[in-house]
Amino acid sequence: MTELTTLPLTGLEVPHTRYSITSLQQVNTRNGIAFSANVKEGNTLLGVIENHGDGGGTWFYPAIRHGRQAMAEFTAACRWKGEPVTEEQVYDRLIDEYDLARTARRCARQRTSLLRGLDADGDDTFLTVVVKIPSVWLASGTYPYMPQLARGLARYQPAPAVWQVWDGKQWQNLSLPDVAGSAA
């Protein structure tokens with residue numbers, strides 16, 4: 001098997017980075033979020049990843065003759081924490097990687113922070129939040145108002161087991177004080 005590259009924001013392990021999401025359109029529906037994203041290899045449109053936002057699956061629709069086979073080979077080689085993943089999981093994580101990268105760039109420009117809440121196993125993100133605090137303060141642990149931030153994050157229920165901040169290169173665990181016993 002070839003050496004895999006780990007995407008920084010989602011942790012998806014991919015066989016190569018020649019394929020990229022180049023656009024993402026999203027629409028809120030009553031059942032969820034519908035989206036459509038172009039997948040390109042260089043300047044060539046390989047196909048489109050879509051979810052109709054009706055509770056159904058996420059699918060790849062090829063734009064060129066060999067697009068379906070190329071994407072099938074790509075998704076079959078992808079891994080999540082070393083384990084195989086379904087095509088749909090790969091598509092969803094590619095969309096998440098693109099969307100999170102867009103948000104991370106905006107946060108860097110605006111001097112805000114991208115946070116994510118992880119489940120109890122620390123395996124999967126189930127919540128992302130942007131806070132108006134420079135990430136350098138949170139990543140270094142020098143933010144003087146950590147108790148207030150902790151109280152604000154405690155309102156998310158179910159509560160994530162771990163909060164992390166994107167420092168521009170990687171996710172770092174936040175050292176939040178325990179605010180369970182303090183008044184709201």
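Trainee: Where is the place of Arg111?
Mentor: Good place to start, and keep in mind that we are looking at a predicted model. Helix α2 covers residues 87-110 and strand β9 covers 113-118. Arg111 sits in the loop between α2 and β9.

Trainee: What is the phi of Arg111?
Mentor: Arg111 is not a glycine. Even so, its phi is positive, at about 55°.

Trainee: Is Arg111 buried or exposed?
Mentor: A residue counts as exposed when its relative accessible area is over 50%. Arg111 has 56% relative accessibility, so this residue counts as exposed.

Trainee: Which loop holds Lys81?
Mentor: Lys81 is another residue to look at for its backbone: it has a positive phi of about 55° although it is not a glycine. Follow the chain from β7 (79-80) to β8 (83-84). Lys81 is in the loop between β7 and β8.

Trainee: How does Lys81 count by its relative accessible area?
Mentor: The class between the two cut-offs, under 20% for buried and over 50% for exposed, is called partly exposed. Lys81 has a relative accessible area of 47%, so Lys81 is partly exposed.

Trainee: Which residue lies over the face of Trp80?
Mentor: Look at the ring of Trp80 and find its centre. At 3.7 Å from that ring centre, lying over the face, you will find Arg93.

Trainee: How many aromatic pairs does a search of the whole structure find?
Mentor: Let's take one example before the total. Trp137 and Tyr143 form a stacked aromatic pair, with 5.8 Å centre to centre and 25° between the planes. Searching the whole structure gives a total of 6 aromatic pairs.

Trainee: What kind of aromatic pair do Tyr143 and Tyr145 form?
Mentor: Their ring centres are 5.7 Å apart, and the angle between the planes is 70°.

Trainee: Why does Tyr143 count as buried?
Mentor: Trp137, with 37% relative accessibility, counts as partly exposed, and Tyr145, with 46%, also counts as partly exposed. For Tyr143, the cut-off to remember is that buried means under 20%. Tyr143 counts as buried because its relative accessibility is 17%.

Trainee: Which residues is Ser135 in contact with, leaving aside its neighbours within four places in sequence?
Mentor: Ser135 lies in helix α3, residues 135-140. At 19% relative accessibility, Ser135 counts as buried. With those sequence neighbours left aside, its contacts are Thr112, Ser113, Val165 and Trp166.

Trainee: What is the relative accessibility of Gly67?
Mentor: Gly67 is in helix α1, residues 67-77. Leaving aside neighbours within four places in sequence, Gly67 is in contact with Leu46, Phe60 and Pro62. Gly67 counts as buried, and its relative accessibility is 0%.

Trainee: What separates the C-alpha atoms of Gly67 and Thr44?
Mentor: Along the chain, Gly67 and Thr44 are 23 residues apart.

Trainee: What is the distance in space between Thr17 and Pro177, C-alpha to C-alpha?
Mentor: Thr17 is in the loop between β2 (12-14) and β3 (19-29), and Thr17 is exposed, with a relative accessible area of 54%. In sequence, Thr17 and Pro177 are 160 residues apart. Their C-alpha atoms are 39 Å apart.

Trainee: Which residues does a cis peptide bond join?
Mentor: Go to the loop between α4 (146-154) and β11 (162-166), where Pro158 is found. There you can look for a peptide bond with an omega of about 0°. This cis bond joins Gln157 and Pro158.

Trainee: What share of the residues in the protein is buried?
Mentor: Let's step back to the whole chain, which has 4 helices and 12 strands. The C-alpha atoms fill a box of roughly 60 × 40 × 30 Å along the principal axes. Of the 184 residues, the buried share is 40%.

Technical notes. Residues numbered from 1 in each chain as written. Predicted model: local features only at pLDDT ≥ 70, side-chain atom pairs only at ≥ 80, totals over all residues. Heavy atoms only, no water. Helix = DSSP H or I, 4+ residues; strand = E, 2+ residues; numbered from the N terminus. Buried < 20%, exposed > 50% of the residue type's maximum accessible area, 1.4 Å probe, protein only. Phe/Tyr/Trp six-rings, centres within 6.5 Å; stacked < 30°, edge-to-face > 60°. Lys NZ or Arg CZ within 6 Å of the ring centre and 35° of its normal. Contact = heavy atoms within 4.5 Å.
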